[in-house]
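Please open the model in your viewer and keep the selection tool at hand. The tour goes from one selection to the next and says what is to be found at each stop.

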Amino acid sequence: MFYLFFEQLMDIFGPFNVLRYTSFRVVASTTTALVITWLLYPWLIKRLQQLQIGEVIREDGPESHFKKAGTPTMGGTLMVVSILSSVLLWGDLTNIYVLLTMGLTLAFAIIGFVDDTRKITRGKGIRGKTKLGLQLAITLATFLAFFAWGSYGFETYVYFPFLRADRFYLYIPWWLYAVFATVVVVGFSNAVNLTDGLDGLAIGPTITGAGTLLILAYISGAVINKLPLSSYLLIPKVTEAYELSVVLSSLIGAGIGFLWYNSYPAQVFMGDVGSLALGGTLGCVAVFTKNEFLSVIIGGVFVLEAVSVIMQTTSYKLTGKRIFRMAPIHHHFEKKGIPETKIVVRFWIVSILLALVALASLKVR
């Protein structure tokens, strides 16, 4: 909004030119989202307590979680609002990648909101297959529409980490790429949702992943001495995708503000409204910046959590035996007696290390 409004005045009043710089708007959007969440969470937490919107704890879960029953949930609502608000203020609202990413974020947030609401009012959320079906349908329809109406120069090539983008890539038809992109986005969304089980566990790797993708999004369109930085680093070039760095910076600001109140012992949980939306945002950015496979490294913690659930479920159905004491895997470590805070911090460390590996791929090609 600010960008589009003051764009008309940049030639009249010089200082407004600062809005042309994505780096300035990245800082501004981070600050805006952080301030919104930091200031409004105390009010939201109090309001959720008044409405008795509290977390429902599984009876078969770790005993240490029983004391968390009643902790305000659906706190992700404010995160989504702060992200959308920051992007509206500082983002380029004519950018197709920004619009589609924010649209998917909002759609997934609505699905999560309904799911959380049903859990609280009826004791049971949306059926898993129904929720997954809604996510798949919305995401697939979005990408099909994107390609059908004109993909703005977006190429349906798939690139591979640690390999030169100008030599190693795979072309797939647009309709098949839409299916592939849908799997990436929905998979990322649900992986973040599965990770959201301990105080601060999901939001830490989310912030780290957003920071990594922010760097990748920015350099995908950055130009130095009239030479695209993507050409120098031999990574895919998606010129307009650099504007997604404003989206990611908003997510980082909102995430830090949320972590202030979600760190152990948590005063509020994000709920599905937050985890589904944030995961969808990361997945969408990974697709639009051509980092579909690299996102497996960036979101390695989320992948590990999702794989542990798949392994546990498959093993139990086929053999009647469980691989882990409890899935997702963070509960397995809890069952082994490792303190919650230590598990969370160690997962954060792993996510940072994986982010460094992902960034190293920029030069190891």
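Helices (H or I, at least four residues) and strands (E, at least two) are DSSP runs, numbered from the N terminus. This is a predicted model, in which local features need pLDDT of at least 70 and side-chain atom pairs count only at pLDDT 80 or more, while totals for chains, interfaces and linings use all residues. Residues are numbered from 1 along each chain as its sequence is written, and side-chain values use heavy atoms, with hydrogens and water left out.

Begin with helix 6 (residues 174-195), which gives the largest share, five residues, of a nonpolar patch. To see that patch whole, select L144, W174, W175, L176, V179 and V183, which together make about 540 Å² of nonpolar surface. Accessible areas come from the Shrake-Rupley method with a 1.4 Å probe, and for residues only the protein chains shown count as cover. W175, in helix 6, is partly exposed at 49% relative accessible area, where buried means under 20%, exposed over 50%, and partly exposed in between.

K317 belongs to helix 12 (residues 300-319) and is exposed, with a relative accessible area of 69%.

T281 is 180 residues from T101 in sequence, yet their C-alpha atoms are 6.2 Å apart in space.

The last stops are in loops. Most residues other than glycine have a negative phi, and most peptide bonds are trans. F162, in the loop between strand 1 (157-159) and strand 2 (169-171), has a positive phi of about 70 degrees although it is not a glycine. K290, in the loop between helix 10 and helix 11 (294-298), has a positive phi of about 65 degrees and counts as buried at 5% relative accessibility. Finally, select Y264 and P265, which are joined by a cis peptide bond with omega about -10 degrees.

Notes. Buried means under 20% relative accessible area, exposed over 50%, partly exposed in between (1.4 Å probe, protein chains only). Patches are made of residues with over 30% relative accessible area and no salt bridge: like charges are joined within 9 Å, nonpolar side chains (Val, Leu, Ile, Met, Phe, Trp, Tyr) within 5 Å. A salt bridge is a side-chain nitrogen of Lys or Arg within 4 Å of a carboxyl oxygen of Asp or Glu.
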